[in-house]
Amino acid sequence: MSILTRRAGLAVLAAIAFVSVPVRGVGSADAGVDPLAGLPVKRACPDTSKPGMVTCLALVRTDVTPQHGIQPQHAPTGLGARELRDAYRLPTATAGKGQTVAIINVFDDPKAESDLAVYRAQYGLPPCTTANGCFRKVNADGSTRLPHADTSWAEEMSLDLDMVSAACPNCRILLVEADEPSIPGLGQGVDTAVRLGAKYISNSYGGAESASAAASDFQHFDHPGVAITAASGDSGYGVLFPATAPHVTAVGGTTLSRASNARGWDETAWSGSGSGCSTQAPKPPWQKDTGCSRRTVADVAAVADPHTGVAVYDTFGFGGWQVVGGTSAAAPIIAGAYALAASLPGTGYAAAVPYAHPDKLHDIVQGSTGTCTPAYLCTAGPGYDGPTGLGTPDGVDAFRAGRAEASRVREAGVSWPALAAARPGPGAPAPRAVADHAVTGGAPARMAAAALRPLVNGGFETGSLAGWTSAGVVTGVTKDHPHSGRYAALLGYPDDPKKGDSVIRQNFTAVRGNRRLSFWYNVSCPDKVRYDWVTVSLRDDTTGVTSTVLPRTCTYYNTWEKAEAPVVGGHAYTLTLLSHDDGYFGDPTSAKFDDVTLS
């Protein structure tokens with residue numbers, strides 16, 4: 001079978017407009033019934049069971065006749081921008097001005113900007129275009145090379161763009177399009193969004209948690225000082241990644257409808273909202289519930305029930321106005337709420353901020369996502385619960401980190417390396433190491449310790465990976481034609497493809513006089529970058545900014561090339577070298593690295 005034939009399956013899946021197979025998360029066996037069974041709703045994107053791959057979480061009503069263009073006489077069916085801002089008391093006027101919300105998605109929607117213009121005009125929102133600097137579209141690697149177009153993910157894209165516009169009309173929008181629906185590809189998109197200056201990032205997709213996931217998967221969603229939201233899932237009780245990542249704000253779903261009460265709205269937990277316990281991710285210290293020894297989903301919530309769904313405009317493969325739901329709608333609304341608050345903990349995690357202000361959210365006390373023990377993980381009630389977390393927006397004060405709150409959030413910050421080292425076994429209580437790390441100051445304490453940490457063994461002349469941490473299917477050193485000396489680091493098998501990531505990482509501190517990090521690399525990758533790749537990232541742990549030193553590369557050079565990046569003396573850094581192979585027999589990918597130096 002040729003590589004082209006083998007890959008055709010993904011292209012066929014991408015061409016499917018709807019599938020009805022539910023995406024199930026961990027724990028969903030207790031849910032019993034598909035919350036969408038027998039209802040006039042279809043999933044926008046194809047399902048996937050392949051590890052490391054995801055699907056979008058948009059649900060489209062099939063009983064609504066699409067209308068085309070601006071509707072001057074009758075508002076489109078579904079909750080519009082004004083209704084959403086009223087239900088959640090979101091500020092208007094100049095709130096959010098100057099803030100950038102990034103939407104991470106897959107494939108290209110060639111009509112994204114023009115469809116967005118119709119939505120915004122329908123609800124009297126200011127134009128957001130490339131010409132006025134409000135709208136920007138890039139590839140996940142940051143380039144202007146866009147992926148191929150796809151109608152399924154375009155529906156998700158329209159939903160995300162419209163919901164960010166509804167929540168934060170004055171925000172700029174950065175649309176980041178990955179080449180494939182994989183965690184590494186989408187995670188690269190998150191890193192790129194941060195690098196391009198976005199402080200608020202929405203992720204409306206998910207896939208099953210994987211015990212074999214590399215630490216790099218979590219690292220993509222670990223950006224202090226940036227608010228990252230992720231949809232919790234649409235299949236009821238059970239969880240998905242990246243909503244389970246410790247440092248994101250996991251967003252559950254509600255049913256929202258008009259009511260004759262003081263608020264003017266009635267809101268309950270939606271039966272499809274993803275909720276429950278992670279099997280892989282440690283519990284962040286700001287979560288105090290006792291039913292999960294690990295990460296609990298969700299943190300907060302917003303409307304997601306497609307039967308009280310939102311109006312969305314999409315003409316790429318569709319007829320115009322649609323009614324769409326799913327926690328895909330909720331995640332960008334919450335990202336918009338963070339942007340409206342425009343107050344983030346500089347060195348801490350935005351996910352912790354609502355936990356300091358639970359009284360400034362609508363507490364959702366009714367509704368269920370299934371049957372579970374303890375019941376709060378799948379049934380809404382006073383205080384924290386799984387389906388809706390702490391509640392839904394009541395204004396944006398719950399998403400605003402004041403001076404005192406920012407200090408507390410910094411103290412609660414826990415890095416993924418620290419969490420990974422302290423990961424408890426199944427059913428075990430949170431380890432003492434995590435609590436101790438939080439008490440001693442989280443990220444600032446980590447940086448203080450790193451102040452005495454030089455870059456070591458950059459030439460691998462110890463004949464080992466001493467000084468480096470490793471993860472993935474294989475890591476080691478080789479004597480096969482190093483760049484200099486006797487050894488080079490080897491990631492991946494040159495002659496035998498092994499599925500997954502090979503990663504080595506080192507934390508170090510640049511000293512005064514250091515201006516640049518450099519290294520040599522030798523890539524052996526006969527496949528296409530869509531399937532296999534090698535990449536290198538450098539995170540400034542002092543500022544929280546991650547840069548891509550070597551963009552995803554899959555050129556069959558088999559020759560040594562040099563890459564470099566600037567560093568700042570006194571700053572702590574994390575350097576991550578990664579080689580990814582999809583495991584297909586016949587096209588093994590590997591990479592050698594050597595002479596990692598500071599100058």
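Select β1 and strand β3 (residues 59–61): the two pair in the antiparallel sense over three bridges. Helices (H or I, at least four residues) and strands (E, at least two) are DSSP runs, numbered from the N terminus, and two strands count as paired if DSSP finds at least two bridges between them. Within this pair, look for Lys-42, which stands opposite Val-60 in β3. Strands of a sheet pair through backbone hydrogen bonds, either parallel or antiparallel.

Before going on, note that this is a predicted model, in which local features need pLDDT of at least 70, side-chain atom pairs count only at pLDDT 80 or more, and totals for chains, interfaces and linings use all residues. Residues are numbered from 1 along each chain as its sequence is written, and side-chain values use heavy atoms, with hydrogens and water left out.

**The sheet**

The four strands form an open sheet in the order β1-β3-β16-β15, with antiparallel pairing. Which strands stand at the edges? They are β1 (41–43) and β15 (310–314); each has a single partner strand, so one side of each is left without a neighbour in the sheet. On average, neighbouring strands of this sheet are turned by 45 degrees against each other, direction ignored.

**Helix α4**

Next, select helix α4 (residues 151–167), which packs on the sheet and touches β3, β15 and β16 (320–325). Contact here means heavy atoms within 4.5 Å. The direction of α4 makes about 125 degrees with that of β15; axes are lines fitted to C-alpha atoms, for helices over the stretch in contact, and angles run from 0 to 180 degrees between N-to-C directions.

From its first C-alpha to its last, α4 reaches 24 Å with 17 residues, close to the 24 Å expected at 1.5 Å a residue. The expected span is 1.5 Å times one less than the number of residues. Of the 17 residues of α4, 16 are buried, where buried means under 20% relative accessible area, exposed over 50%, and partly exposed in between (1.4 Å probe, protein chains only). At the start of α4, show the side chain of Asp-150: one of its oxygens reaches to within 3.1 Å of the backbone nitrogen of Ser-152.

**Helix α5**

Move on to helix α5 (residues 183–195). It has 13 residues and reaches 18 Å from first C-alpha to last, close to the 18 Å expected at 1.5 Å a residue. Is α5 mostly covered or mostly exposed? It is mostly covered, with 12 of its 13 residues buried, among them Ile-183, Leu-186 and Val-190.

Ser-182 caps the N-terminal end of α5, with a side-chain oxygen 3.1 Å from the backbone nitrogen of Gly-185. Just after α5, find Gly-197, which takes a positive phi of about 100 degrees.

**Strands β12 and β13**

Select strand β12 (residues 276–282), where five of the seven residues are buried. Three bridges join β12 to strand β13 (residues 294–297), and the two run antiparallel. In this pair, Gly-276 stands opposite Val-297 in β13.

**Ser-590**

Go to Ser-590, in strand β28 (residues 590–598). Ser-590 counts as buried because its relative accessibility is 4%. Residues that Ser-590 touches include Leu-490, Tyr-493, Asn-522 and Ser-579.

**The whole protein**

Finally, show everything. The secondary structure comes to 11 helices and 28 strands. Of the 599 residues, 61% count as buried.

Notes:
Polar contact = N/O pair within 3.5 Å; in protein donor to acceptor, adjacent residues only side chain to side chain. Lists of a residue's contacts leave out its neighbours within four places in sequence.
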